[in-house]
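This report looks at one protein chain and at a few of its local features. Please keep the sequence and the 3D view open while reading.

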Amino acid sequence: MAAAGGSPSIVEYFGGEDGYRCGYCKNETGNLSHGMWAHSMTVQDYQDLIDRGWRRSGKYVYKPIMNQTCCPQYTIRCQALCFQTSKSHKKVLKKMLKFISKGDVSKLVSEEEPMDSHIDDVVACDFAYKSESHVSQSELTPLSVDHTERVENEDEDTGETKGEVNVQKVEAGSLQRCADKDTPVPGEPSRTAKIVHAPPKPGKGADLSKPPCRKAKDIRKERKLQKLLQNQMCTFEGSPLQAGDQVFLLQNSKSKTNQPKTIEDFVFVSLPDDAPHKLEVRVVRSSPPSSQFKATFQESYQVYKRYQMVIHKDPPDKPTINQFTRFLCDSPLEAENAPNGPECGYGSFHQQYWLDGKIIAVGVIDILPYCVSSVYLYYDPDYSFLSLGVYSALREIAFTRQLHEKAPDLCFYYMGFYIHSCPKMRYKGQYRPSDLLCPETYIWTPIEQCLPLLEHSKYCRFNQDVKAVDEGRIKELGRVRVLHKRTVMPYSVYKKRRKGPSDEASVQQYASLVGQTCSERMLLFRS
């Protein structure tokens with residue numbers, strides 16, 4: 001888990017926003033969501049929020065109203081440690097490898113939608129401008145800790161809930177992890193399950209009395225190894241191979257031959273010295289901006305501008321530096337480092353793809369305690385033939401696995417939202433194994449179990465246990481932390497001090513959406 005940030009998260013809740021134009025079905029008022037402006041946010045708070053269906057666009061954090069919005073958007077995550085490349089994924093990886101090593105520019109069309117546009121973020125970004133907070137920084141700076149603690153404990157004598165809130169550590173067992181070797185992966189059959197073969201119908205299927213069909217290449221390799229073992233004395237670490245050793249060698253050779261290639265097999269392969277191209281991926285911190293980020297800002301922005309104009313048909317005056325900064329550079333996430341965390345730390349980053357000394361693509365990502373979260377991708381349209389959307393997603397999965405080596409808890413790759421009601425947005429479901437978040441109980445469910453339900457209804461509760469409830473639901477409204485007149489206090493104290501009409505309904509809605517844990521850690525700004 002990431003170390004606690006130096007300052008708490010401060011958010012300003014706007015409530016349920018009016019309907020705005022949907023980027024998927026083009027409904028002018030059908031896209032409905034709850035929104036809040038995050039002045040600052042710890043990576044642990046944002047991790048907990050996205051595990052309750054929230055997502056950020058710049059500093060604006062929003063949550064679709066799932067049972068009302070025209071195109072329900074389900075949070076999707078890929079189990080990066082267990083990820084297996086599909087045939088189409090391998091085509092994209094091979095295409096990039098051929099281009100770099102041989103200069104091959106064959107423009108093969110990818111079988112999948114490129115993982116790039118994330119229209120939901122674009123719409124939310126435009127909408128966020130209307131809701132941007134104009135609260136001064138001085139109002140967001142709490143008074144001394146001593147004063148805050150006195151106010152939080154003010155209602156002790158009334159018998160109400162004690163206001164001082166201790167940040168509770170998340171129990172290790174409360175979060176799903178990628179399965180260990182002996183634990184079945186969600187959505188996959190158990191390793192110990194028996195495979196039952198049904199008898200083949202007459203005239204159809206394979207003859208079970210004969211060995212299963214095998215590739216001729218594998219048979220040739222095995223015969224060659226057998227001949228080698230028969231004709232000469234093989235040695236292993238200086239000792240003659242015994243009969244049992246020979247059998248083991250044959251079996252081991254067969255297993256290696258049949259083992260599917262990983263992303264790393266394609267990405268980290270050695271290239272010839274005379275390779276015509278060189279691809280380098282650099283990770284630079286975007287918030288707060290590092291020196292490398294500042295040095296490459298203009299070049300990165302020009303790639304974004306061309307991408308928006310060519311791919312999304314934006315007029316030249318729309319992708320401004322201000323819009324680019326607010327949408328893809330500004331982030332509420334506090335930079336954090338932990339002894340058991342990744343070397344680069346946690347927070348918001350740009351993953352830059354440098355080809356022959358120039359930026360051709362940028363993946364905007366957040367590195368959180370349990371995942372790498374993909375925010376956006378933009379690229380130079382001249383390199384569309386490389387299927388950079390799919391390629392960058394695969395590289396981000398590989399990056400997640402790399403970070404896992406140093407940060408054991410970090411093992412998921414979040415792809416934003418899965419929109420089944422929009423066929424063009426279903427491509428995210430091809431990154432397997434993956435899970436969708438139940439919009440009512442916030443339990444992760446294997447996508448294979450979700451798809452049949454989504455075929456019948458665009459809004460679904462994936463958790464089939466009718467008795468199951470949201471375990472993180474708000475239980476004590478009085479414990480919600482509030483920042484009022486630069487003073488931190490529990491809502492039970494703020495409620496007594498507040499003048500004017502009650503805002504309990506709004507606070508109740510906010511707390512139910514962020515959950516009890518976040519509501520006790522984050523500070524809800526009240527003017």
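## The model and its salt bridges

The structure is a predicted model. Side chains of opposite charge can pair when their charged atoms come close. A search of the whole structure finds 16 salt bridges. Some of them are described here.

R521 forms a salt bridge with D45, and the closest N and O atoms of this pair are 2.6 Å apart. R521 and D45 are buried.

What else does R521 form a salt bridge with? The partner is D48, with the closest N and O atoms 2.5 Å apart. This pair also links distant parts of the chain, since D48 belongs to helix α1 and R521 to helix α14, 473 residues apart. D48 is buried, as is R521. Taken together, D45, D48 and R521 are linked in a network of salt bridges.

## A bridge between two loops

Another salt bridge joins D470 and R52, whose closest N and O atoms are 2.8 Å apart. D470 lies in the loop between α12 (447–456) and β15 (481–484), and R52 lies in the loop between α1 and β3 (55–57), so the pair ties together parts that are 418 residues apart in sequence. D470 and R52 are both buried.

## The hairpin of β15 and β16

Strands β15 and β16 run antiparallel and are joined by 4 bridges. Across the pair, L483 stands opposite V488 in β16. The two strands form a hairpin with 2 residues between them, and K485 in this hairpin takes a positive phi near 50°.

In a regular strand the side chains alternate between the two faces of the sheet.

Most residues other than glycine have a negative phi, and most peptide bonds are trans. The following cases depart from that pattern.

The bond between S287 and P288 is a cis peptide bond, with omega about -10°. P288 is found in the loop between β8 (279–287) and α8 (291–295). A cis peptide bond also joins R432 and P433, where omega is about -5°. P433 has its place in the loop between β12 (412–418) and β13 (434–437).

## Positive phi in loops

K313 is not a glycine, yet it has a positive phi of about 60°. It lies in the loop between α9 (297–310) and α10 (321–329). Is K313 buried or exposed? With a relative accessible area of 65%, K313 is exposed, because the cut-off for that class is over 50%.

D356, which is also a residue other than glycine, has a positive phi near 50°. It is found in the loop between β9 (347–355) and β10 (358–367). The relative accessibility of D356 is 42%, so D356 counts as partly exposed.

Terms used
Residues numbered from 1 in each chain as written. Predicted model: local features only at pLDDT ≥ 70, side-chain atom pairs only at ≥ 80, totals over all residues. Heavy atoms only, no water. Salt bridge = Lys/Arg side-chain N within 4 Å of Asp/Glu carboxyl O. Buried < 20%, exposed > 50% of the residue type's maximum accessible area, 1.4 Å probe, protein only. Pairing = 2+ DSSP bridges.
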